[in-house]
Amino acid sequence: MCGLGVGGRMEGRASGARAALWILGLSWLWMAAQAQMKIPPETVQQWASVLSVQLRQVTARYSGSLLLQKKLRDVESIIKIVQLDGTELVRDYSDEIERMLGSKMKSVKRLAESAEDADLYHEFNASLEFDYYNSMLVNTADEDGNYVDLGGEFPLEENEHFNNLLVNTQQSNIQVPTNVYNKDPYILNAIYNSEALNDVFIGNFQKDPTLTWQYFGSSTGFFRIYPGIKWTPDSNGVVAFDCRNRNWYIQAATSPKDIIIMVDISGSMKGLKMTIAKHTINTILDTLGENDFVNVIAYTDYVRYVEPCFKGTLVQADLDNREHFKILVDELHVKGEAKIKKAMKESFKILNEARANGQGSMCNQAIMLITDGAMEDFESVFEEFNWPERRVRVFTYLIGREMTFAQNTKWIACNNKGYYTHISTLADVQENVMEYLHVLSRPMVINHDHDIIWTEAYMDTVLPNTKELFATKAQSLLLMTSVAMPVFSKKKETLSHGILLGVVGSDIPLMEVMKLAPRYMLGAHGYAFLITNNGYILAHPDLRPLYKDGKKLKPKPNYNSVDLSEVEWEDTEEMLRTAMVKGETGSLSLTFRASVDKGKRPLYLVNDYFYTNIDDTPFSFGMVLTKGHGQLMFVGNVSVEEGLHDLTSPDLTIASEWTYCETDIDPQHRKYTQLQAAIRYLLGKEPDLECDEVLLQQTLFDAVVTAPLEAYWNALMLNDGDGVEAGIETAFLGTRAGLMRIMRYAGVETRVAKKFLTAADKDNLFTVDHFPLWYRLAAENRPGSFYYYPVTEKAEKPTDKQRVKYVVATTSVTVSSGGKTAMAGAIGVQMSLDLLEKWFWDITKQPNDTDCSTIEGVCPLSCVSGDLSCFLVDNNGFILLSKERGDVGRFFGEVDGSVMASLIKMGMFKKISLFDYQAMCKNSHHHASSARTLLSPFHAILALLRWFFSNAMMFLLDFNLCGLWHSDYFVDAKAGYHTSHKQKKVEAMQPCDTAYPGFMYDPSIREANSLIKCGRCQKMFVVQQVPDSNLVLVVTQADCDCSRQYGPILLQPKEIKYNATVKCNRMKSQKVRRRPESCHAYHPKEDAKDCGGASSISASLSLFSASLLFSLVLHRRT
């Protein structure tokens, strides 16, 4: 019995435990059921309706949108709507651009003629003494207060036409690189000759006041610039600028070329020799441009392509490829024994195949041999591949102090129409590399073919205020192009030598060119652009040549080799690019995924493209009109007297960067703003001003139509009983003519949006580059319906976070006539986030006495409650309101990935794939040179010792009488060495391609609600469209965390990774391009005996054989 009793007790306990578990389970289910909140959709719908009414009343009232729309309807009977003819516009604008560029070409021709005439009648004087204005020394005094030699007094005045630099428009002056002796007899004679250009510079500027910098770059190295300036050296006191390195000089001096660089990397090239060889390669690469083609071969006893992907071919020498070669060349290491014959054969094969297949430049061809000695008998190679025509020139660069192999390397150059140079120090590289350009220019010089060249886009980083311009100008319009022409010696006694005296040129800011296609004609999303014969962009509003490196803006490494297909990436078949590169005239339409607001907000646009070539240039001009409102423009007419009265209103401005009147022609007009110039012209006070009559007439009409808004806004301000609600800060409007009216309801002290619509707020103003952001957003929204978006302002302090403090509401206004409706402008209001929050929390809270009898779910419901998370989200998924202030401005998917994923699945938001082919990514690839630092803790010490040894060697090698007297040689070499290594060390970003998502709301889905299963809980959400807006109200259950099951949805761009094969094909692919029309590769009168060294060399086979034998004997010891 005792046993039975124990068993019974145990069974009873087990039953009790089961009962307890069953009760616990029921309790858990009951609690889970309680945790499942039911959010009544009808309550959220009511909130959305009330919020819609509140927003509509406030925005319409304080913006004055209804009044403006009424005034526009009142004038519909006296206006007409015109359909813009893109074909006609593109022809007119291209003609204007041709006239402008033609004027610059005439100026350059006058400079070339004057320079050649001055040289023709000048006899060289070895003892010439001549003082000139050295731009680095002008206005510089010594300790006694006397002007230094070549300094002198040089008046300088600030000039708005030259970016507010201090200049002298009555005189040019001379810049001489640090590594060029500024009193060398050849320099002095050439400077004396070029004095004749002063009068031509001034005359050109008087004939064409829109001219900017004019200059003459001498083959001896000096640079004459007009107007004269004070040149600023770098932080080391070095003037590294050498005009002969500039693209305009190189392109004007030579025709397009195919270059194979052969570098000896045998064991004898170790140490300083290899450093000099690498610097020589980089300097040669710097002399190439986008019309040239190149490859680099390193050789020992076998042939090695520095980029295996480029094996057996030539690649375009654009900036991307040149920089890529430089990185690879820096990683070359010496080993083995030099066998030049195989590499020479390989080089000839590449060039011959390119010529046979119609590839490459189809013009000059050359091999650059960089070695410390040539010891093989490779005459047979020349006989097989190059003799007797000698189509391929061979230039030889003997590296190091040893002269043992000079005869051999010189023989190679002289028997292949090339040039031999001996480079013993880093300081010798620049001058010696330049010699090959003069040789290639001989056929052109002898024939006196003055080809005018135009450069690709570039950013002039030489001028002192470039960094300031980076921050104040539209990025795509910081660039310029240059027009240049070679200057030859016309003396008969030197004709066969083909002596190039230098190159004359002038800069043309691309912003001035693009102003000839007025923004107002192109509309809110329209634009104009220019490309080169290679398909690279000269000017385009989506070109972004700068990137942010820390706090500094810097030019991207590939900023001027961005292809049109990388910006107009919807042109997948490259039909637009191909037609424009070929110089054709035509049009086509593309559906385009555009984006605004720094790429965050995608738009679907249908763009009509119109294009044509610019005669006498390698450029093509394109123009885009957006279908719909972009192609319809209304035209009104009022009297000048009536319009002028309203144009002078204090609340009115016009686009300061647009050209209503040309104020840059007459220097007396430069003091006027565009508004001042327009008013003076209309009053008849400045009848000589050249003004855009169509734009002025439309501006006058817009001023009259919008004038009642000034009185309306002021009345609101003065209404004491029902004045402006606190938080309503600014009302504004803008028209297609660039006219703006602004009413500040709040003073600057109390406004949270202190920057909004100020001169610094470029995104929200009419600029030469774009319409304001609020105008563009309104253009794609239904007229009368306001578009709301949060504005994230930059933090005032580096330690502060970027925060949203205000919201902008904007809508479009239209006019109708003749069955057509055109957008007349946009109008809106800016309000503080605090005000919007106040309304929102008041509306989204049911009072305690709410009748809940008919409501299924939680009642009363309140967004203030901790049980709910409520958001106001715009049509692109960005949060306008949230309990957490830090969430405002963020993408909703980052804050709640579970709900956003559900909305995407339901189709309420659609994902749009966007691409950026101008991105910069952190460099995740470590080259061998940088990886070694991770492997060896002693690498830094070894590198320091190597640097010290190299510089010590440079000093010893350069230590001679001239170097002692003029130590700039050493400074320049040292600076060049430091610069290259310093840049390599700090460069952390590289160009890349990225993909990123954007999102668009589908307005046809007005509401949604659902449950999301998240482990132990289910999360309910309700989404309701806010009528007459671009907003949705999102209400979610706050206490169900789904972050484990659903990660955040991020907008961060991801780098597109290409596998090795794809990457290789992309790098060496050659898109359609148009070759320059002229080529000067041969002239029968060329004197090929002038091939370097102290004297010409005979092509004697016995001499070559003897020197080769002697060289081989000596080389046995190495």
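## Basis of the description

Two strands are taken as paired if DSSP finds at least two bridges between them, and the helices (H or I, at least four residues) and strands (E, at least two) are DSSP runs, numbered from the N terminus. This is a predicted model, in which local features need pLDDT of at least 70 and side-chain atom pairs count only at pLDDT 80 or more, whereas totals for chains, interfaces and linings use all residues. Residues are numbered from 1 along each chain as its sequence is written, and side-chain values use heavy atoms, with hydrogens and water left out.

## Confidence

The average pLDDT of the chain (the predictor's confidence in each residue, from 0 to 100) is 86, and 86% of the residues score at least 70. Over residues 925-986 the pLDDT stays under 50, and the model has 50 contacts (heavy atoms within 4.5 Å) for this stretch beyond four places in sequence. Residues 1095-1118 likewise have a pLDDT below 50, with 31 contacts in the model beyond near neighbours in sequence. Where pLDDT is low, the predicted coordinates should not be read in detail.

## The sheet S2-S3-S7

Three strands, in the order S2-S3-S7, form an open sheet with antiparallel pairing. Strand S2 (157-159) and strand S7 (228-229) each have a single partner strand and stand at the edges, so one side of each is left without a neighbour in the sheet. S2 is joined to strand S3 (residues 165-168) by three bridges, the two running antiparallel, and glutamate 158 has leucine 166 in S3 as its bridge partner.

In the loop between strand S6 (223-226) and S7 lies proline 227, which is joined to tyrosine 226 by a cis peptide bond with omega about -5 degrees.

Nine bridges link S17 in antiparallel fashion to strand S16 (residues 480-488), where valine 483 has serine 506 of S17 as its bridge partner. Strand S5 (residues 214-218) also runs antiparallel to S17, to which five bridges join it, and serine 218 stands opposite glycine 502 in S17.

Helix H13 (residues 429-440) has ten buried residues out of twelve, so it is largely enclosed by the rest of the structure. Among these buried residues are Val429, Met434, Tyr436, His438 and Leu440.

## Backbone features in other loops

Most residues other than glycine have a negative phi, and most peptide bonds are trans. Arginine 390, although not a glycine, has a positive phi of about 55 degrees; it lies in the loop between helix H11 (379-385) and strand S13 (392-399) and is partly exposed, with a relative accessible area of 24%. Aspartate 597, also not a glycine, has a positive phi of about 60 degrees; this residue is in the loop between strand S22 (586-596) and strand S23 (601-613), and at 14% relative accessibility aspartate 597 counts as buried.

A cis peptide bond, with omega about -5 degrees, joins cysteine 859 and proline 860, and proline 860 is placed in the loop between helix H24 (833-843) and strand S34 (868-874).

## Surroundings of serine 649

Serine 649 is found in the loop between helix H20 (640-647) and strand S26 (652-653), and it counts as buried because its relative accessibility is 10%. Leaving aside residues up to four places away in sequence, serine 649 touches Glu710 and Arg741.

Technical notes: Buried < 20%, exposed > 50% of the residue type's maximum accessible area, 1.4 Å probe, protein only.
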